Amino acid sequence: MLKNLKSLRHSRNLTQKGLSKILNISQQTIDKYENRDCNPRIATIIKIADYFDTSVDYLLGRTNDPRSISKIYPADLSADEISLLEDLRNLSDEETEFFMKAVRGLIT
């Protein structure tokens, strides 16, 4: 089930029928994605996420951050920088504070 599809659709003032025309999917299928435990194919999930310029994780309800990956991680970041940011997000508040102090200590 696409947990955030309905709110994304409403944010664009789209009906299920309107979105179904855009995505070339039946209105009944859109209803199933929004209201029933019906899982679309990966290609369909990506197509919907791309249309709404959001992440697949947001669409599936795995995050509350609706920004697309390209907005979260600018293209000029290296793979190591992205990995470090992802690790940083998994730290507790106390660990984050310690890490930030240590990094600032290295810079000054």
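Visitor: What makes the meeting of D31 and R36 a salt bridge?

Guide: In this predicted model, the side chains of D31 and R36 come to 2.8 Å, N to O. A salt bridge requires a side-chain nitrogen of Lys or Arg within 4 Å of a carboxyl oxygen of Asp or Glu, so the pair qualifies.

Visitor: Are R9 and E34 buried or exposed?

Guide: R9 has a relative accessibility of 6%, which is under 20%, so R9 counts as buried. E34, at 8%, is also under 20% and therefore buried.

Visitor: What makes R62 and D57 a salt bridge, and why is R62 called exposed?

Guide: The closest N and O atoms of R62 and D57 are 3.3 Å apart, and the limit is 4 Å, so the pair is a salt bridge. R62 has a relative accessible area of 65%, which is over 50%, so R62 is exposed. D57, at 35%, falls between the cut-offs of 20% and 50% and therefore counts as partly exposed.

Visitor: Why does S20 count as buried?

Guide: The relative accessibility of S20 is 7%, which is under 20%, so S20 is buried. S20 is found in helix α2 (residues 16–23). Its side chain reaches the backbone oxygen of K17 at 2.6 Å. Leaving aside residues up to four places away in sequence, S20 touches I25, S26, Q27 and I30.

Visitor: Why is α2 called roughly perpendicular to α4?

Guide: The two helices pack at an angle of about 110°, with their axes 11 Å apart. Angles of 65 to 115 degrees count as roughly perpendicular, so α2 is described in that way relative to α4. The contact is made by L19, I22 and L23 of α2 and by K47, I48, Y51 and F52 of α4.

Visitor: What is stated about phi of N24, and why is N24 called exposed?

Guide: Phi of N24 is near 60°, a positive value in a residue other than glycine. N24 lies in the loop between α2 and α3. Its relative accessible area is 71%, which is over 50%, so N24 is exposed.

Visitor: Why is D53 called partly exposed?

Guide: D53 has a relative accessible area of 34%, which is between 20% and 50%, so D53 is partly exposed. Phi of D53 is near 50°, a positive value in a residue other than glycine, and D53 lies in the loop between α4 (42–52) and α5 (56–60).

Visitor: Where is confidence lowest, and where is it highest?

Guide: Confidence is lowest in helix α6 (residues 69–72), at a mean of 63, and highest in α2, at 96. The mean pLDDT of the protein is 86, and 94% of its residues reach 70 or more.

Note on methods. Residues numbered from 1 in each chain as written. Predicted model: local features only at pLDDT ≥ 70, side-chain atom pairs only at ≥ 80, totals over all residues. Heavy atoms only, no water. Helix = DSSP H or I, 4+ residues; strand = E, 2+ residues; numbered from the N terminus. Buried < 20%, exposed > 50% of the residue type's maximum accessible area, 1.4 Å probe, protein only. Polar contact = N/O pair within 3.5 Å; in protein donor to acceptor, adjacent residues only side chain to side chain. Contact = heavy atoms within 4.5 Å. pLDDT = per-residue confidence, 0-100. Axes fitted to C-alpha atoms, helices over the stretch in contact; angles between N-to-C directions. Parallel < 35°, antiparallel > 145°, perpendicular 65-115°, else oblique.
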